[in-house]
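Visitor: I'd like to walk through this one slowly. Could you show me what we have?
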Amino acid sequence: MNDLLFVIITLGMFGLLAALTTGLHKLRSGVGDE
Amino acid sequence: MAPTAIFQIVLYFLILLALTKPVGLYLHKVFMGDSFFLSKILGGFERMIYRMLGVKPEEDQNWKQYAFSVLAFSLVSMLLTYGLLRLQGVLPLNSQGFGPKQMPEHLAFNAAASFMTNTNWQSYSPELTLSTFSNMVSLAIHNWASAAVGLAVAVALIRGLARREMNGIGNFWADVVRGTLYIFLPICIAGALVYVASGVPQNFSPNQSITTVEGVKQNIALGPVASQEIIKQLGTNGGGFFNANSAHPFENPTPFADLFTKILIFLIPAGLTYMFGKAVGNVRQGWAIFAAMSTLFLVGAFVGTWAETAGNPQFAKLGVEVANMEGKETRFGIAGSTLFASITTGASCGAVNSMHDSFTPIGGLVPMFNILSGEVIFGGVGAGLYGMLIFAILSVFIAGLMVGRTPEYLGKKIGRFEVQMAMVAVLAMAASILGFAALASVLQIPKEGVMAALNTFPGDAYGGAVTAYGPMTGNLNNSGAHGFGEILYTFASATGNNGSAFAGITVNTPLYNTLIGIAMLVGRFFVILPVLAIAGHMAKKKVTPNSAGTFPTDSSTFAMLLVGVVVIVGALTFFPALALGPVVEHLQLSNMGGK
C-alpha cells in the first residue's frame, strides 16, 4: 500500500516538472523578449 | 599552516590545471562530432545502440523535446530502481540475505531519488542494507546514468551558447550514449584497475567473519568495491560501498589512492570549462570560468585548512594539541581531510574521507558554503558548468545594469527570459534549502497518528521500530547552533545534489527520507529545466559583433566579477541561516568561559 503512495509521490513530482516545462515554454512570448 | 599542507593544495591544483586542456579537448571531440581513435573502435557498437533504441543521433531536439527526454529517462529509471530495491529479497546476488525489511518504502524512495539525481545521499548503512545486486545494478547504474545526464545537459547548454540562429540543442539520447561509451567507460576500466592495484577489493565474496587481536568477532564486508569507487568519484556521485565512505581503508587505502580520488572528482568538471571555451570559439572564455572556479576553490581550501590547523581555542587554553583531529583519519591528516572536503563539496560529489560534523565551525562553514553557492566550484559532472554559466548570465546582467547597456554574453543579447530562468534556478534552490530546514527546525511530532507514523525509525539489525515524538529536532545529536547547522547542511546537501552528510542527525525515518527525497528532485530538475530553456533560447539568437561598449567576458575582470556574484548571491540568500549556525557557533566557542 505504501509502495503505491511513493509511486504516486514520484509521478506527482514529475507531473509538476512536466507542467513547469510547458509553463516555461509559454513564458517565451513575454514582452521585451528578443 | 604547515608547509606540507600548502604543498598538498598547490600540487593538487597544478595537476588539475595540467589535465584541464587535454580532458577538454577530448570532451570536445566526443560531443562535437569529431572523429577520434575510440570512435573508430567503438563506433559500430554506438550505432548498434542507436538502432536498438530507435534513436537517430543526427536529429536535433529543441529544448522542450530535450527536457522531456531528460524527464522521461529520469522518471523511468527512478521507478525501476524503486522496484528493484524493494524486490532485492527475491533477486540474485544476495548472499547477505537482505530483503524489504532492510529497504522499507520511504528508504527505497529516498535511495532511488538520491541516485537518480546524482546526489547519492545514503540514509542507510550500505553494508547492513544492500544486497550485492542492489549495489551493482539497482544503484550503480545511476552512478553512470545520472552523471551522463548532467554531462548531456551541460553539453546542450554549451551548444545553445555556441550556435547561431538554430532551433536544436543536440540529441539527448546520443549525448547520454556518447558520454557513457567514450568518457565514463574507458576511464572507469582503467581507473578501477588503478584502485585494485592500490589495494581496493573487487570480488563477489560474502562478508568475512574474523576475530581481531583483541579477541572480538568482526564482520568485514567485501564485494565489488573498486568498480563502485571509480564511478563514484568520476561521476561525482559520492555514494560509497561502505558507510565510512572514503575514510574506509578498503575504499581509500593509500595516500596515492586519496590523491587519485581527488583528481577524479574535478577531472571532467575542469575539462568542461576548456571544452566550453573551444566550442564557443574562444578558449579564453573557458579559462575565465576556470579562473573563477579556481579562486573560489583555493580560498575555501586554504581557509578550511587554516581553521582546522588552528583547532579549538578552548584546547589551546589547556595547553594541549590544538589542531582539530577529531573525526579525521590520521592517515590523511588535516590538509588531506580539508582539501578533500573542499573538493567533494565544491563538486556535487559528497564522498567524504573525514567527518565534516567534527570540523571547527569555520572549517565546517567552508564545505557548507561550497554547497550553498550552488556547487559551481568546478561542481558536479555537467552540473557545475551549467550552474556557473547561470551565474555568468547573472553577472553580465548586473554589469549591464551598472553601466546602462544591454547585457550581452558571447555576442548574444541577454533578454528578460534568460534572466527569469536564471532566477528560477537560483530561487528554487534557496526555497528548498531554507524552506525544508525551517520546517525541520520547528515541526512538532505528536505521540500518535499519521505524523507519529511518519517519524518512526524502522527496525534494523540492532533493534525494533521506535517512534520519535516531540520536536523534529529530537533527531539531532547536538542542540543549539551546531544542531541547526546539521539540519541546514542536510537540506543543502540534498538540494545541491551533493550527498555528503554533516552527520549528527538521524535521517532514516519516513518523514526525513520523504522530505529529503523531494528536496533532491527539486534541486536537480528546477535547475536543469531552466538551463535547457536558456540553451534553447540562446541557440536561436543572432550574434552581434563586439563594440567598444561590450563588456569582455574573457578577462580576469569578468572572472573576478563572477566570483563576486557567486559570493554575494550566496551570502545574501544564506547569511541569516549561516549566522544562526556556524557563525554563532564560532563566536560561542571563542568566547566560552570568558577571555
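**A bend and what follows**

Guide: Keeping in mind that this is a predicted model, we can begin with H1(B), which bends by about 35° at B:Thr20 and has a proline, B:Pro22, following within four residues.

Visitor: What span should helix H1 of chain B have, and how far apart are its end C-alpha atoms?

Guide: Helix H1 of chain B covers residues 3-31, and because each of its 29 residues is counted at 1.5 Å, the helix should span 42 Å; its end C-alpha atoms are 41 Å apart, which agrees.

Visitor: Changing topic, in which sense do strands S1 and S2 of chain B pair?

Guide: Strand S1 (residues 208-211) and strand S2 (residues 217-220) of chain B pair in the antiparallel sense, over four bridges, and B:Ser209 has B:Asn219 in S2(B) as its bridge partner. The two strands S1(B) and S2(B) form a hairpin with five residues between them, and B:Gly215 in the turn has a positive phi of about 85°.

Visitor: Now the chains together: how many residues does each one bring to the contact?

Guide: Chain B brings 25 residues and chain A brings 20 residues. On the side of chain B that touches chain A, the elements giving two or more residues are helices H3 (63-86), H4 (105-116), H15 (416-442) and H18 (510-539) of chain B.

Visitor: Which of them gives the most?

Guide: H3(B) gives the most to that side, with nine residues, and by class the side of chain B that touches chain A has 16 nonpolar, four polar and five charged residues.

Note on methods. Residues numbered from 1 in each chain as written. Chains lettered and ligands numbered in written order. Predicted model: local features only at pLDDT ≥ 70, side-chain atom pairs only at ≥ 80, totals over all residues. Contact = placed C-beta atoms within 7 Å. Nonpolar A, V, L, I, M, F, W, Y, C, P; charged D, E, K, R; others polar. Expected span 1.5 Å × (residues − 1). Bend = angle between axes of the 7 residues up to and from the residue. Pairing = 2+ DSSP bridges.
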